[in-house]
Structures are given as C-alpha cells and as structure tokens.
Amino acid sequence: MIKFQGKGVYGAVASGKISVFKRQDIQVKREKIEDTKAEMERLENAKSQAMEQLQEIYEKALVEVGETNAQIFEIHMMMIEDEDYNDSIAEMINGQNLNAEYAVAITADNFAEMFSAMDDAYMQARAADVRDISNRIIACLTGSGSSKEHSDEMMIICADDLAPSETVSLDKDKVLAFVTAHGSSNSHTAILARNMNIPAIIGLGEKFLEAVKDGDIAVVNGFTGEFILHPDKETIAAAEKKRADELEKRQLLQKLKGKENVTLDGTKINIFANIGSVDNIGSVLLNDAGGIGLFRSEFIYLENSDYPSEEEQFRIYKRVLESMAGKKVIIRTLDIGADKQCDYFNLNKEDNPALGLRAIRLCLDRPEIFEVQLRALYRASVYGKLGIMFPMITSTSELEEIFALCDKVKKDLEADGIEYSEETELGIMIETPAAAIISDLLAPMVDFFSVGTNDLTQYTLVCDRQNPHIERFCDTHHEAILRLIQMSAENAHKHGAWIGICGELAADTALTERFLRMGIDELSVSPSFVLKVRDTVRNIDLRV
Ligand code: PEP
Ligand code: MG
C-alpha cells in the first residue's frame, strides 16, 4: 500500500482501476465537416456495423442466458433505429455541419439526461442503454471495433493536471474519480469535478504520477485528500462502506426535494445551480434547484474548434430556457482568458493573463464576437426567464459600453422582425474589489449582482487561484472578502437590485447563516450541493 496526500476538492470516496490520462488519447472531438452527405453515409455504415454486432451478441445471449435476458440486445437494436434519436443526430450533421462521432455523443448525452430525469425507473434505466448503443456506434465510426470491451468499466482518471476543456470532454459515466498531480481547488477543473459529482483530489505531486500505472487498483478519498495505491482488502472494504454511507446520506437529502428554502424564523432564499453545459440540466432538475444562477457560456466556446455561430448558441440557450420551464436562467457572457484559453481566439501571450485581456475586456475589445452572443441570447430570451450577466466588471464605463451594444443588438433584431423579451434582466458579477467598492454606483444601473467569490478572493487576497503553493494564504473566509460582499449587498438593496453569490463560497455551509444575515437573495451552487444548502438553511434560526 502506498499513500499520497493531496487536497480533496469533491468529498466522495471511490475505489477501482486506474486509467492514466494520455493527452494524445483524444476522446470524441467536435469537428466541422463540409460534406454532410458523406458524413451521413459514414454514420449509416457505422450503424449497420453496430447492428450486425448486436445481432451476433443477441444470438449468443439467447443460447447462454436465455430469451428474457437477451431481450436487452433487441431493445438496443430498436434504439439504434429510433426516429427521434436519429433525427437528433442527422440534425447536428446536416444542420450544424458537425462530425458524426460528436453528433452521436451529444445525442447520447441529451437522451441519457432526459431518461435519467424521468420518474419511471424503467425509463431511467434506458439512460445506460442509449449511452451503450452510442458508444458502439462511435467505436464503429472511429474503427476501434466493438466499444463493449473498453467502455463498460469505470476508471479512476490519473493525470498531471486537466484543463477545463479536457475535463469536460471526458465521458463522465466512465469516470470513478479525478486525481491529479497538480491543480488547485479553485481551478475550473475542480469546479467541474464538483459539478459532475465526481470524487476528486488534486496536488498529489510528481511522485504520484510516476507511481501510477494503467490497471492498478486505488482508493480515492475526496474528503481527506488521501490517495491509496495498491490498497489491501480491508482498505477497499472500508472505502466501499464509506461510499455506501454517503449514498445513504444523499438519499436522506432527497427527502428535501420540493421543500422550501426557508429558515426556522421564516426567512426565504433562492437556491439555484451553476452549470457549464446543457448536459448538466438533468442534474439541476434532479436536485430540485430553483433556477440556474450561473451558466458559464464560455464552455460552448471551449468545446468548439471555431467560434460558435449565433444559430448554434441560440439553440443551446433556447434549450436551457425551455428545459427550466419558466424558472430563472442567468447566462454569463463569454468569460475567456486566464486559465480558460481557446486557441482560435489567437490571444497574445501575456505575462499576467489573470490581469489581462479576459472576460468582458475581451468582449469589448472584439465587439463583433460579443454581438453574436448577445444576439443569440436576446433571440432565446422569449423562451423563458432570462438574465444576462457580465463578468469581470471594474467600472461604470464598461457597463455603459455594454448597454450601448445591447441596445444596438435589440434594434437590429427589431429591424429583422425578430422577437426578444423586454423582461430580460441585466446583471453583473461582483468579482473584482473595484466592483464591490463602487457597488453603490453600479447597482442603479443593473437588475442584479452575483458575487463571484472565486475571482473576488483571488483579486482581493492577491492569490493566483491556479497556484497550489499559496493555498494556505488564500483564506476564503477572510474578513476582507466578507465585508466586500456585505457592502455589495447593502448597495444592491439600497438601489432595488437583488444579489446572489455564485462562486464556490456559496456552497460553504459554514457561511450560510452569515450570508442570510447579510440579506443575500440567492445562492447558486453546483447541482449536487443544492439539497445540502437547503438542509442548512432549514436549520438556521436568525432570531437567535
Ligand atoms: C467566480 O469567479 O467566482 C465565478 C463564479 O466565476 P468563475 O469561477 O467561472 O471565474
Ligand atoms: Mg470568475
């Protein structure tokens, strides 16, 4: 048994086999294709191959496990022919010029999320089936044979570090845990692990990376940050027990579904969810979030190899709004730069990217890109209750520039006869000390504030959120941060704006009472934390 100590970033336990993440081992990539007819033919060939494989498996299963058990493969064959499933894939290939592998993978995700969110246990079980058939088709498309042999087992992914785009591109159904040699707990990769509900440890060091090999067994404890390589039987049994206990605790929290976020003295608060992709919506609904408090739209750009078009973005925003059926959805505009780099933006190399041309600065520097996103957002606004939120604001003049662009986009839409909702709320992130300090000037200009505590902490305490060596100086409960939040809350309310918190601190239940006392109106957290925060709120009494 070899033990390594890192920092747990998502509290859960897992045990299983290791898969060492290799960069060249690219999973399904999104690509633009020219010849849609040829791509459809590739798809049809792959589907026929998959059908042949399934027919063979079905016949073998009939002999080995009997008709009832073999039926699942008949269902798989029917699913490959399903009209809605095929329409979705064809639409992505023909309508969006996307490669077949990506179209199949995304359709699989969408259908699986939809099935998982259903009440009926039989339909929920179909989520695994749709992923299974899709993996088989993808394996046929890429020429890697039947996907069955290498797709079924869930693995502990070990890596030096994972970029946000790499983390999102992993098939989360095959990931038991994320374990990295480097990285920091406020990094976007850690945030994604939390969003995906996957145990994760970071900062295990170089020796860990040298020690792990594909197929080795390990235990991951995301609570303590301990990673045990080659565990003995007792350690594995203890980990499995802990996992079962946690599952039970989660199930207990399920009883809070449908209950109000109300304190013992009757104070109410909204608890929303943070997402990075439409694929997270199933989890938002399953965890009973009251809305979406932060949709990090930059992941749409990060997952692409070129600028996503207005139409592509519109479809995504529309889908999010429609899925939330009238509940509030706050979409943050492009927050690229710093650790979130996109090659096709061709950004200049900067000495201090966190202080550089990022987020709103980049959008104001390249209004032609920003306008495409704003047009897509306003077009989608009629499909639900939309809030548009701007990141990294430091001054009122930035807001004036943004509003001028919004007005231009709305006028253009009117001229084109395209509807948008006048009810669309506009808000800003309070994630720079400057924004908090002038929150009295900013509040009258907007409908809401949302405090981005991840960056607010980085900029207030002068602590690079990507640097694991300074974590001990990065006290997220520092009075300076809490006072900036308090000041922003007072100024928001003075001017009729509402205020939420969408940084990771929103899920820190040690601070929930303090936030309630400040009058915070909304806490937006990873979907898996919604019920835990609700539980905390329901046990607080502000009269004492
Ligand atoms: C934040 O800074 O707190 C935030 C929510 O934005 P991000 O983590 O995406 O920078
Ligand atoms: Mg931020």
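These questions and answers concern a predicted model of a protein with a ligand.

Visitor: Which residues come nearest to ligand 1?
Guide: The model is a predicted one. There are 16 residues around ligand 1. Those that come nearest are Arg296, Arg332, Gly452, Asn454 and Arg465.

Visitor: What is the distance from an oxygen atom of ligand 1 to an N or O atom in the side chain of Arg296?
Guide: Polar contacts are pairs of N or O atoms within 3.5 Å. The side chain of Asp455 has an N or O atom 3.0 Å from an oxygen atom of ligand 1, and for the side chain of Arg465 the distance is 2.8 Å. For the side chain of Arg296 the value is 2.7 Å.

Visitor: What percentage of the accessible area of ligand 1 does the protein cover?
Guide: An oxygen atom of ligand 1 lies 2.8 Å from an N or O atom in the side chain of Arg465. On its own, ligand 1 has 290 Å² of accessible area. The share of this area that the protein covers is 100%.

Visitor: Which element gives the largest share of the shell around ligand 1?
Guide: Ligand 1 sits in the largest cavity. Helix 7 (188-196), strand 10 (292-296) and helix 18 (453-461) each give two or more residues to the shell. The largest share is three residues, and this comes from helix 18.

Visitor: Where are Glu311 and Arg315, which form a salt bridge?
Guide: Side chains of opposite charge can pair when their charged atoms come close. In the salt bridge between Glu311 and Arg315, the closest N and O atoms are 3.8 Å apart. The two residues are separated by about one helical turn because they are four residues apart in helix 12.

Visitor: How many salt bridges does the structure hold?
Guide: One of them joins Glu311 and Arg315. A salt bridge needs a side-chain nitrogen of Lys or Arg within 4 Å of a carboxyl oxygen of Asp or Glu. The structure holds 32.

Visitor: Where is Asp288, which has a positive phi?
Guide: Asp288 is not a glycine, yet its phi is about 65 degrees. Its place is in the loop between helix 10 (281-286) and strand 10.

Note on methods
Residues are numbered from 1 along each chain as its sequence is written. Chains are lettered from A and ligands numbered from 1 in the order in which they are written. This is a predicted model: local features need pLDDT of at least 70, side-chain atom pairs count only at pLDDT 80 or more; totals for chains, interfaces and linings use all residues. Side-chain values use heavy atoms; hydrogens and water are left out. A residue is near a molecule or strand if one of its heavy atoms lies within 4 Å of it. A polar contact is a pair of N or O atoms within 3.5 Å; within protein, one must be able to donate a hydrogen and the other to accept it, and residues adjacent in sequence count only if both atoms are side-chain atoms. Accessible areas come from the Shrake-Rupley method with a 1.4 Å probe; for residues, only the protein chains shown count as cover. On a 1 Å grid over the protein atoms alone, a cavity is a set of points where a 1.4 Å probe fits but cannot get out, and a pocket is an open set with protein on both sides within 12 Å along at least five of seven lines; lining residues have an atom within 4 Å of a point. A molecule sits in a cavity or pocket if more than half of its atoms lie within 2 Å of its grid points.
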